[in-house]
Amino acid sequence: MEDDHGIKFTCKTCGSHNLVVTHVWSTLAGSESESWREWGPLEADHLWRYDYQEKIEKDEDDNDGVERGDFGEFAEDDSDSEPEEYQVFEQESDPESDEFYVNCENCDREIEFGWSQPDRGGRIFPVECSDFDPREAWPESRYLDSWQQKGWLHTRDGQPGTGM
Ligand SMILES: [Zn+2]
C-alpha cells in the first residue's frame, strides 16, 4: 500500500520517499546575468513539475537562506500533473549552462540521475529508484565520470534501449 504513490525511491539516509527536481539557469539581461531556479516534486511516472520559482541572489552564496515553500502562489493547482505554464522570459539564455538537480526532499541529499532521452530529454530516472535501469538512461552530464566508474556507460547505436 505504501508503494502505490510517488516514485519508487527510499532515501538510504532518512527514509523519505520524495524527490525534488531543481532546474537552475541564467539569463542575460543587458550586461547583467541573473540566475533563477525552479523546483518541484518528481512524480511516480518520472515526470515532474515546477511548483516554485525564484531568483537566486548573488550574495546568497555564503548564506544558504533559501526558504523552500515560500512561494505559494506558484502552487495553487494541485489537481493535475500538467507542468505549470510560466511567463517566458524574453532574455537570452544559454541552455548548455542549465543545471538540473535531484535531491531528497527531506534531507536534501543529491541523488544521481539520468534521462530517458539524450540531451536531457524525456523523463528523469534517479539512480536510487528501485526500478532504475542504466541501460534505459542517459546520464546527466555531471555524472558521466561516476557512471563510467560504475560501468553504466555502454555503446549504443544512437538509440536508447527502449522505444521510449
Ligand atoms: Zn533523505
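**Labels and their cut-offs**

Mentor: Start with I124, which, leaving aside its neighbours within four places in sequence, is in contact with V21, L42, H46, W48, V102, F113, G114 and W115. Contact means heavy atoms within 4.5 Å. This is a predicted model, in which local features need pLDDT of at least 70 and side-chain atom pairs count only at pLDDT 80 or more, while totals for chains, interfaces and linings use all residues. Residues are numbered from 1 along each chain as its sequence is written, and side-chain values use heavy atoms, with hydrogens and water left out.

Trainee: What makes a set of residues a nonpolar core, and which residues have the most contacts inside the largest one?
Mentor: The set must consist of buried Ala, Val, Leu, Ile, Met, Phe, Trp, Tyr and Cys residues joined through side-chain atoms within 4.5 Å. The largest has 22 residues, and L19 and I124 have the most contacts inside it. Two or more residues come from each of β1 (19-29), β5, β6 (113-117) and β7 (121-126). The most, three residues, come from β5. In soluble globular proteins, nonpolar side chains tend to be buried together.

Trainee: How are the strands defined, and how many does the chain have?
Mentor: Strands are DSSP runs of E with at least two residues, helices are runs of H or I with at least four, and both are numbered from the N terminus. The chain comes to one helix and eight strands, in the order β-β-β-β-β-β-β-β-α.

Trainee: Why is N103 called buried?
Mentor: Buried means under 20% relative accessible area, exposed over 50%, and partly exposed in between (1.4 Å probe, protein chains only). N103 has 10%, so it is buried. Its place is in strand β5 (residues 99-104).

Trainee: Why is E112 called buried?
Mentor: The relative accessible area of E112 is 19%, so E112 counts as buried. E112 is found in the loop between β5 and β6.

Trainee: What joins the side chains of E112 and W147?
Mentor: A polar contact of 3.2 Å. The term needs a pair of N or O atoms within 3.5 Å; within protein, one must be able to donate a hydrogen and the other to accept it, and residues adjacent in sequence count only if both atoms are side-chain atoms.

Trainee: Why is D119 called exposed?
Mentor: D119 has a relative accessible area of 77%, so it is exposed. D119 is in the loop between β6 and β7, and its phi is near 60°, a positive value in a residue other than glycine.

Trainee: How do you know which atoms coordinate the zinc ion?
Mentor: Donors are N, O and S atoms within 2.8 Å of the metal (3.2 Å for Na, K and Ca); water is not among the atoms, so sites may look incomplete. Here the SG atoms of C11, C14, C104 and C107 coordinate the zinc ion at 2.3 Å.

Trainee: What makes the site of the zinc ion tetrahedral?
Mentor: Four donors count as tetrahedral if all angles lie between 85 and 135 degrees. The angles among the four donor atoms are 99 to 119°.

Methods: Tetrahedral: all angles 85-135°; square planar, octahedral: opposite > 155°, others 65-115°.
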